[in-house]
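Open the model in your viewer. Follow the stops below in order.

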Amino acid sequence: MTEQITEKQEYNITVYTENQIGLLNRIAIIFTRRKINIDSLNTSPSEVDSIHRFNIVITETEEVVRKVCRQIEKQVEVLKVYYHTNADVIWQEMALYKVSTDVIAEKVSVERLLRENGARAVVIRKDYTIFETTGHREETDALVAILQPYGLIEFVRSARIAIIKDSDGFNRKLREFERLEPGEDVMENEYLGQGQKVFSM
Amino acid sequence: METTQEITIDTPKKETVEVSGSVALLEALIAEGVETIFGYPGGAIMPIYDALYDYKEKLEHILVRHEQGGIHAGQGYARTSGKVGVVFATSGPGATNLITGLADAQIDSTPLVCITGQVFAHLLGTDAFQETDVINITTPVTKWNYQVTDAREIPEAIAKAFYIAKSGRPGPVLIDITKNAQIQKFDFEGYVKCKHIRSYKPKPVVRHQYIEQAAELINQAKKPFILFGQGVLLGSAEQEFKAFVEKSGIPAAWTVLGAGAIPTDHPLNVGMLGMHGNYGPNVLTNECDVLIAIGMRFDDRVTGRLDKYAKQAQVVHLDIDPAEIDKNVKSTVPVWGDCKETLPLLTALVDEKQHTEWLAKFNEYTRQEVEAVIEKELNPTTEEMTMGEVIKQLNDLTLGEAVIVTDVGQHQMVACRYAKFNKTRSNVTSGGLGTMGFALPAAIGAKFGTPDREVVAIIGDGGFQMTCQELGTIMQSGINVKIIILNNRFLGMVRQWQELFNEKRYSFVDIQSPNFVTLASAYGIPGKTINNRTDLPGALKEMLANKGSFLLEVMVTKENNVFPMVPQGCSVSEIRLK
């Protein structure tokens, strides 16, 4: 038996689902039932027509994450669930910052700071300007801290989206799902093959 | 499986008939082989009931007295017949009254399709009369649910409902149909059963590697031990299971819901697991070297303290639900699959053996348990009657052929421990949820599910009063259900815990009862109360000989405790005989 990682850490859960009303609730209650806070949740259409992809971030032990993932995958309209540590994915969050245009015009340093942090102007109006950055939590947080002294008016950050480093996407897999008698591919068993690397039932 | 349709220009268009959503629903039920519906009408489901008026010959509708009774009846029906139980209820309170039964069916994997009426689609979300957000309320307690707002969705929704309810690990499904969809007319092209949902994989492909690994472990084992649960029944794998047990010669113990998968008297059936299970199976769980769990989910009432549960053993876990594997007990070899498929594969690879010495250990513990507990319970010398002797005498008369339906509490544990089951699908009880009030309505459904078998409901004085309105359903449907109330004038199981763990501080467990026999007679059901042991055999015979239903109230010792017992927080090997 392999050693269990008992420490809590961030896990990125990727869920491929049908586009069904009520499914978000069905998935969310699997976390709330165990009193697990969802740190971040993104859901949007995937690269495959009619299939949605959820990106869920929670901080938990691997054992709990695995059990939760199995309970999610058990739901009728869920096709597949994977979980990964931050090291196994490339992830980004987008942030928008609203600052007074006057301040930027007056203070050259602000413009420099924005450029240093990779921010890009999305809207420039007389009264305010909106900047956008994309990055990890620390990066978007850092810019908030930088802009606060200059009168940051408003800030918003998106949920995390993550691409799995070791994934072939879902197009091929979906064709398997559509067969009446699915092959072993769909019925992967985590105990086989790369079970330790990628969670998959 | 796949049907191919040939469409040519000469072929006339497929015949369609214009029907209402309600008629399409009833046609769908008939196509799914439904014969019996348990239900209760109301405003939002009236169009379906109006359609049902014309289907009286084809669909039998049992009018219950409360929707909770309806769903428990549906569960009883499903448990004895192996078919899907069908329940109708109206919106709002009708639907919310189903929740307990849905939760019960969900945790005990009982296949149900519940149809609820809902307010008109244009009123959804407006706090309309009898509007409740049924889909969201039932999401945690259903395997699947769906709201229909357009009649054209009905055939497909019902087809999916039945497919999902009964395939894989079974469970309850709820379809909420708005009133406009029930009324709406559409071109019905006939009903097509669902055979595949791309996102749903009820059965895995069996991996032979694991079968081989499991067989190797089992063949090397010196002290192997089988635990079996309801999965054997749900998979209709009783024969396959028996063949496996008999060839491998391994002692086998059952969970409450697994009772009856092999007959009680089978030489390798060593008894019941869990908190009030038998002595040997509990103690020896912590001595076996290979634990083979088949269609069971290591409930905490079975395992006791998990970190002291079978730590010495290698675990082979056969289950159809991958979420159960490694959920509570880590498996060495997970055999994920339908046990009807996996058991024969395993049987083929295991050595034919007899574990005589190991089996003798179980028998030695049985001897100790008989001496310390069972003898006193079944053949008491005390003045007052025990629950156990009632079950024993019932066994003598029914010879293990009856369906025993139990409620929840002391009588349930006593009945499960001592009732004889010769046949599968004979023990109907609320296992996972522990729903008091389950037995009376479930017994009604159990009888409809297996009309040729004797159905005996064994109920406590507390639980009976939770759903005793269903005596009205018995009266009106005229069915034959035998009811035994084991009356100890206490909420006995809670009282037992208060005695053992709360210094006899009997906090609100002293329950008064009406005159049950008079109550039954108000519903036209004959009955009898007995206080003396000498009257017991005669009264049981009278009850069984009665043509219709009969209520027998047996006054038993007030403060008797169910033993053995694994106290909460203790290991199975710390099981107490007194």
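How many helices and strands does the secondary structure of chain B come to? Select chain B: there are 23 helices and 20 strands. Helices (H or I, at least four residues) and strands (E, at least two) are DSSP runs, numbered from the N terminus.

Before moving on, note that this is a predicted model: local features need pLDDT of at least 70, side-chain atom pairs count only at pLDDT 80 or more, and totals for chains, interfaces and linings use all residues. Residues are numbered from 1 along each chain as its sequence is written, while chains are lettered from A and ligands numbered from 1 in the order in which they are written.

Stay on chain B and show its C-alpha trace. Along its principal axes the trace spans about 75 × 65 × 40 Å. Now colour by burial. Of the 578 residues in chain B, 56% are buried (20 or more other C-beta atoms within 10 Å of the residue's own, with C-beta atoms placed from the backbone).

Next, select residues 23-33 of chain A, which form helix 1, and residues 62-73 of chain A, which form helix 2. Their axes come within 10 Å and cross at roughly 150 degrees. Axes are lines fitted to C-alpha atoms, for helices over the stretch in contact, and angles run from 0 to 180 degrees between N-to-C directions. That crossing makes helix 1 of chain A roughly antiparallel to helix 2 of chain A (an angle over 145 degrees).

Finally, show side chains. Ile27(A), Ile30(A) and Phe31(A) in helix 1 of chain A meet Val68(A), Gln71(A) and Ile72(A) in helix 2 of chain A (contact: C-beta atoms, placed from the backbone, within 7 Å).

Methods. A residue is buried if 20 or more other C-beta atoms lie within 10 Å of its own, exposed if 12 or fewer, and partly exposed in between; C-beta atoms are placed from the backbone. Angles under 35 degrees count as roughly parallel, over 145 as roughly antiparallel, 65 to 115 as roughly perpendicular and the rest as oblique. Two residues are in contact if their C-beta atoms, placed from the backbone, lie within 7 Å.
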